[in-house]
Amino acid sequence: MRGLGSPFQLCVLLCSFALCGYAGVRLLDGDWVLIALWFVGAAVIHDLVLLPLYAGVDRGLVKGAGRRRAWVNYVRVPCALSGLLLLVWFPLISGRVSERYAGVAGQSADGFLGRWLVITAVLFGGSAVVFAWRVGRGRRASG
Amino acid sequence: MARSLLRTPPARGPFAPDFWRSPLRGIRFTAVLGVVLLVGITILFVTGLLSYAAYNPDLARVNDMTPGKGLLGFYLFSWPTDPPWLYRLTQGVHVTLGLALVPVLLAKLWSVVPRLFTLPPARSLTHALERISLLLLVGGALFEFVTGILNVQLDYVFPGSFYPLHFYGAWVFFGAFLAHVVLKAPVAFRNLRAMREGSGEPGDEPDELAAPRPDRPTVSRRGAFGLVGGASLLLFATSAGRSFDGPLRETAVLTPHGGPEPGGGPGGFQINKTAAYVGVRAGETSEEAWRLTVAGRSGTARLSRADLLGLPLHSADLPIACVEGWSTSDQWWRGVRLRDLAALVGHDEPVDVLVESLQRRGPFRRAALRANQVEDPRSLLALFVNGEELTLDHGYPARIIVPAAPGVLNTKWVERLTFGEV
């Protein structure tokens with residue numbers, strides 16, 4: 001580590017830390033260990049667990065496809081979209097808040113898993129249809 | 001610091017530059033996502049601050065979930081009652097836009113992840129501070145998105161009350177966000193300009209995000225943007241409908257308070273909290289048991305529902321809009337004006353009111369309304385909705401309805417109104 005670096009950047013960062021610190025003291029007023037753990041843990045779990053996980057799955061998919069690399073996106077896109085919906089709506093889809101949701105909103109939470117599966121099926125089905133159509137068109141063009 | 005120690009072993013694993021192979025990464029890819037987030041997060045922050053102000057936290061202790069806010073409440077103002085759909089709009093935008101930005105945020109973080117593994121970890125004091133600032137930026141962004149997304153699904157696993165966590169967390173994040181924008185936005189805009197002018201790859205500055213030994217592409221940059229945009233659109237399309245009624249709400253298939261309405265008839269619109277959930281029993285709300293206490297300057301009145309029906313009744317078409325981002329279109333409410341009830345106990349001038357509910361649980365069992373809200377002729381102690389008596393879940397025997405107020409301030413099962421002292 002050498003020297004200070006850019007004085008302009010230093011000044012911007014120190015001003016920013018003043019605001020972060022002022023709010024941070026208030027954020028941590030409570031179960032501060034757990035709150036700090038959530039704050040930092042969110043970044044750590046994303047960068048060191050979630051991202052390597054989906055990047056690894058993607059790399060595996062591309063490797064597994066071998067010479068048929070052009071086909072990868074017909075699996076990759078529905079996987080990514082369906083996985084994203086699962087990630088965002090996990091509490092409802094998994095049913096872990098079903099009881100509370102029914103009590104609070106007076107509505108059943110049983111349909112979320114089914115609807116997510118339907119959307120997933122539509123995504124993969126749609127992808128398969130587009131794929132089949134493109135392959136068919138390619139064959140006609142070359143044949 | 002001992003430089004020789006940091007230099008000797010060759011960088012391995014993710015620290016080695018050629019570990020990262022995606023040909024998509026590059027400052028232009030990041031710049032586009034960054035500018036989308038710059039606009040989107042600014043809107044999220046502003047609508048979030050508006051939602052905080054909508055609770056009138058500076059009016060009364062009972063409204064204030066963040067009494068230690070200090071200077072962070074500098075901008076607070078009396079929340080208006082016009083337009084009556086104001087909170088419906090600002091909070092619908094806040095939550096729906098937040099959901100739609102999830103894929104953009106994830107793609108942005110993916111595009112810069114190699115920078116996490118730079119060696120040496122800090123080149124200078126400023127560089128070390130910048131990396132700490134980036135931890136606050138990334139941690140803050142994820143903390144805000146995660147707490148918000150969990151809260152709209154009623155999954156209260158976060159460590160404390162949602163209001164202070166999401167509010168103070170937003171300010172910590174915004175502090176780091178401001179620094180990041182000041183330091184990086186000029187580069188991002190320069191790159192966007194170069195892209196628009198159609199020059200090939202960046203020539204004048206080295207692309208520190210691009211992979212030095214990229215794999216053969218499996219998707220074009222345009223295709224990757226298409227995936228991110230498509231993912232945003234999918235989240236938008238499966239959420240936005242819950243700000244509307246009927247067939248549009250049914251399109252919000254994966255979102256709480258989306259799908260079909262709860263039951264039919266005049267009371268068949270979205271319920272925030274059912275009577276059973278907050279511990280209100282039908283026995284306490286019966287004609288014989290329930291009395292409304294109205295207190296003010298000239299004394300205290302106890303009114304039965306029949307007494308209230310003897311007062312002048314007025315109508316107002318007003319929506320219900322929740323902090324969780326869902327809302328209903330206008331319902332036709334009928335009841336006694338709050339300002340008439342204030343006049344009943346000696347307040348002819350605009351006055352604040354403390355509203356207390358029969359409900360046993362929930363953070364806003366007691367809530368204060370400001371004089372401008374009490375004064376509005378559309379602000380009612382409602383007894384009817386859509387031409388029928390209120391249902392128990394919508395607040396029978398009497399509930400508050402105030403234009404543009406957040407859902408929880410429209411207190412249900414009201415048992416006491418105290419004018420003048422909040």
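**Reading a domain contact**

A: Begin with the charged pairs: two salt bridges are counted between domain 1 of chain B and domain 2 of chain B. A salt bridge here is a side-chain nitrogen of Lys or Arg within 4 Å of a carboxyl oxygen of Asp or Glu. R378(B) and D82(B) form a salt bridge through their side chains, at 3.1 Å, N to O. This is a predicted model: local features need pLDDT of at least 70, side-chain atom pairs count only at pLDDT 80 or more, and totals for chains, interfaces and linings use all residues. Side-chain values use heavy atoms, without hydrogens and water.

Q: What are the bounds of domain 1 and domain 2 of chain B?
A: Domain bounds come from an automatic or database domain assignment. In chain B it gives 10-237 for domain 1 and 275-419 for domain 2. Their C-alpha centres lie 40 Å apart.

Q: How many residues does the contact take from domain 1 of chain B and from domain 2 of chain B?
A: Contact means heavy atoms within 4.5 Å. Domain 1 of chain B gives 30 residues, and domain 2 of chain B gives 30 residues.

Q: How much area do domain 1 and domain 2 of chain B bury between them?
A: The size of an interface is often given as the accessible area lost when the parts come together. Buried area is that loss (1.4 Å probe), summed over both parts. Here the two domains of chain B bury about 2400 Å², with 58% of it on carbon and sulfur atoms. V62(B), T81(B) and R88(B) supply 26% of the area that domain 1 of chain B buries against domain 2 of chain B, more than any other three residues.

Technical notes
Residues numbered from 1 in each chain as written. Chains lettered and ligands numbered in written order.
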